[in-house]
Amino acid sequence: MTIERIPQKHYPKAEIGRRGMALGLDFLGVWLVSSLLGSNGVGIQVVQILVFAILWLVLRVVVVYNNQGQSLGRWAFDLKILEVEDGQVVGRIPELQALLKREAIICLGALLVSIALNNIRANPTAILLVLPLAIDCGRAFSDTQLRQAWHDRYAGTFIVSSRRGYSLDIKIKRLVESLQRNVRR
C-alpha cells in the first residue's frame, strides 16, 4: 500500500483591479445610502456611521454568507471568497466568525474613507483618512503567492475568480471596444 498525495485543486487568483472595483461598488452602494440618511453638517455624523456600519455588515457578511461567498460587488465582477487553512486554499465559504473579523477591518477603513469624502470640502487634510484602507489593501500587491491583504491574512480568507456572476468588467470592456469600433468608422 502506497500513500498518494492528492493534488490541491487550483483556484484562480483574483486580479487586484477586479477586487478593487468590487470593493468600490460595495462601498458606493453603502456610502450613498448612508449619506442620504446623514445630515449636511460638517464633521462626523453618528447616525450616518451607524447606518454605514450596519449596511456594510449586512452586505458584506450576511449576503456573502448566504450567497456562496459573493457580495453585490463580487457578484458583479465574478469574484468569490474562500477559506484558507495552513496556507492552503480550502474550497468552502468562510465561517461567519471569519467573515465578521475580515469585514470589521475593512468596514473601519471604508468608514474612514466615507468620513473623508463627506468632509473633503471643509477640510482637505481629511484625505489622509484613506491611508488605513490603502495600507491594508496594498498588502495584496506584495503577496505574490495568494494576493492576500492584511484583512484576508488575519481572517484566513482568499478571493478567487468565479464562474458565477454578472461579469460587469467583461461587459464594460466589450462596450468600450464596440464604441471604439463605431468611432473609427
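Residues 24 or more positions apart account for 68% of the contacts in this protein with a separation of 6 or more, where contact means heavy atoms within 4.5 Å. The structure is a predicted model, so local features need pLDDT of at least 70 and side-chain atom pairs count only at pLDDT 80 or more, while totals for chains, interfaces and linings use all residues. Residues are numbered from 1 along each chain as its sequence is written, and side-chain values use heavy atoms, with hydrogens and water left out. Here is a friendly tour, from the whole chain down to single residues.

**Overall picture**

- The protein has seven helices and three strands; helices (H or I, at least four residues) and strands (E, at least two) are DSSP runs, numbered from the N terminus.
- Reading from the N terminus, the order of elements is α-α-α-β-β-α-α-α-β-α.
- Taken along the principal axes, the box filled by the C-alpha atoms is roughly 75 × 55 × 30 Å.
- Of the 185 residues, 38% count as buried; buried means under 20% relative accessible area, exposed over 50%, and partly exposed in between, with a 1.4 Å probe and protein chains only.

**Surface and charge**

**The α1–α2 pair**

- Two packed helices are described by the angle between their axes and the distance between the axes.
- Helix α1 (residues 16–37) packs against helix α2 (residues 46–66) at an angle of about 145 degrees, with the axes 9 Å apart.
- The contact draws on α1 residues including Leu-23, Phe-27, Val-30 and Trp-31, and on α2 residues including Val-51, Phe-52, Leu-55 and Trp-56.
- Axes here are lines fitted to C-alpha atoms, for helices over the stretch in contact, and angles run from 0 to 180 degrees between N-to-C directions.
- The crossing of α1 past α2 is right-handed; a crossing is left-handed if the near helix is turned anticlockwise from the far one by less than a right angle, and right-handed if clockwise.

- Glu-103 is part of helix α4 (residues 96–119), and Glu-103 counts as buried because its relative accessibility is 0%.
- Leaving aside residues up to four places away in sequence, Glu-103 touches Trp-56, Leu-57, Arg-60, Val-61 and Arg-74.
- Asp-152 belongs to helix α6 (residues 150–155) and is likewise buried, with a relative accessible area of 0%.
- With residues up to four places away in sequence set aside, Asp-152 touches Arg-19, Arg-102, Thr-157 and Ile-159.
- From Asp-152 to Asp-136 the C-alpha distance is 9.4 Å, across 16 residues of sequence.

**Positive phi in loops**

- Most residues other than glycine have a negative phi, and most peptide bonds are trans.
- Gln-68, although not a glycine, has a positive phi of about 55 degrees.
- Gln-68 sits in the loop between α2 and α3 (72–76) and is partly exposed, with a relative accessible area of 45%.
- Asp-78 also has a positive phi of about 55 degrees and is not a glycine.
- Asp-78 is placed in the loop between α3 and β1 (79–85) and is buried, at a relative accessible area of 5%.

- Val-63, in helix α2, is partly exposed, with a relative accessible area of 30%.
- Not counting residues up to four places away in sequence, Val-63 touches Val-58, Gln-70 and Ser-71.
- Between Val-63 and Trp-31, 32 residues apart along the chain, the C-alpha separation is 17 Å.
- Leu-108, in helix α4, counts as exposed because its relative accessibility is 53%.
- Leu-108 and Leu-133 are 25 residues apart in sequence, with C-alpha atoms 8.1 Å apart in space.
- Val-130 lies in the loop between α4 and α5 (131–142) and is partly exposed, with a relative accessible area of 29%.
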